[in-house]
Amino acid sequence: MISSPQNSTVMLTTNTSTEALLRATDTSTQVLLDVPIDGQEKRFYCVPATAKMIAAWHGYSFTQDYIYQKNGWDKW
């Protein structure tokens, strides 16, 4: 177990489906992060929604509109 910046739990698990594909290594692992899920508020907000989830995991709070505007996409 690994702690995230928000003291949530990160679990290390063995990915058995990849083990069959990666027979050269038997230590295939993946990290599952406790990232908050936030859907797109508008149909073209996939990047702002993703950025908001990543920021939230790191302890920051932004709206999707703020992220969209800060990237200059509202000027197109």
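Predicted model: local features only at pLDDT ≥ 70, side-chain atom pairs only at ≥ 80, totals over all residues.
Residues are numbered from 1 along each chain as its sequence is written, and side-chain values use heavy atoms, with hydrogens and water left out.

Let me start with the chain as a whole. It has three helices and three strands, where helices (H or I, at least four residues) and strands (E, at least two) are DSSP runs numbered from the N terminus, and along the sequence these elements follow the pattern β-β-α-β-α-α. Of the 76 residues in the chain, 18% are buried. The chain exposes about 5,900 Å², of which carbon and sulfur atoms supply 55%; accessible areas here come from the Shrake-Rupley method with a 1.4 Å probe, and for residues only the protein chains shown count as cover. If we take contact to mean heavy atoms within 4.5 Å, then among the contacts with a separation of 6 or more, 23% are between residues 24 or more positions apart.

Now to the charged side chains. How many salt bridges does the structure hold? There are four, a salt bridge being a side-chain nitrogen of Lys or Arg within 4 Å of a carboxyl oxygen of Asp or Glu. One of them joins the side chains of Lys 52 and Asp 38, at 2.9 Å from N to O. That pair links distant parts of the chain, with Lys 52 in helix α2 (residues 46–57) and Asp 38 in the loop between β3 (29–32) and α2, 14 residues apart. Asp 38 is partly exposed, with a relative accessible area of 22%.

Lys 52 also forms a salt bridge with Glu 41, and here the closest N and O atoms are 3.9 Å apart. Because Lys 52 lies in helix α2 and Glu 41 in the loop between β3 and α2, this pair ties together parts that are eleven residues apart in sequence. Glu 41 counts as partly exposed, at 46% relative accessibility.

A further salt bridge brings together the side chains of Asp 65 and Lys 42, at 3.3 Å from N to O. Asp 65 lies in helix α3 and Lys 42 in the loop between β3 and α2, so this pair ties together parts that are 23 residues apart in sequence. Through shared partners, salt bridges join Asp 38, Glu 41 and Lys 52 into one network.

Next, please find Gln 64, which lies in helix α3. Is Gln 64 buried or exposed? Gln 64 is buried, because its relative accessible area is 0%. Its side chain reaches the backbone nitrogen of Glu 41 at 3.0 Å, which is a polar contact, that is, a pair of N or O atoms within 3.5 Å; within protein, one must be able to donate a hydrogen and the other to accept it, and residues adjacent in sequence count only if both atoms are side-chain atoms. Leaving aside neighbours within four places in sequence, the residues in contact with Gln 64 include Asp 38, Gly 39, Glu 41, Ala 49 and Lys 52.

Gly 39 lies in the loop between β3 and α2, and, not counting residues up to four places away in sequence, Gly 39 touches Ala 49 and Gln 64. The C-alpha atoms of Gly 39 and Ala 49 are separated by 6.2 Å, although these residues are ten residues apart along the chain.

Finally, the aromatic residues. A search of the whole structure finds six aromatic pairs, where rings of Phe, Tyr and Trp (its six-membered ring) pair if their centres lie within 6.5 Å, and planes under 30 degrees apart count as stacked, over 60 as edge-to-face and the rest as tilted. Tyr 60 and Phe 62 form a stacked pair, 6.3 Å centre to centre with 10° between the planes. Phe 44, Tyr 45, Tyr 68 and Trp 73 form one aromatic cluster.

Technical notes
Buried < 20%, exposed > 50% of the residue type's maximum accessible area, 1.4 Å probe, protein only.
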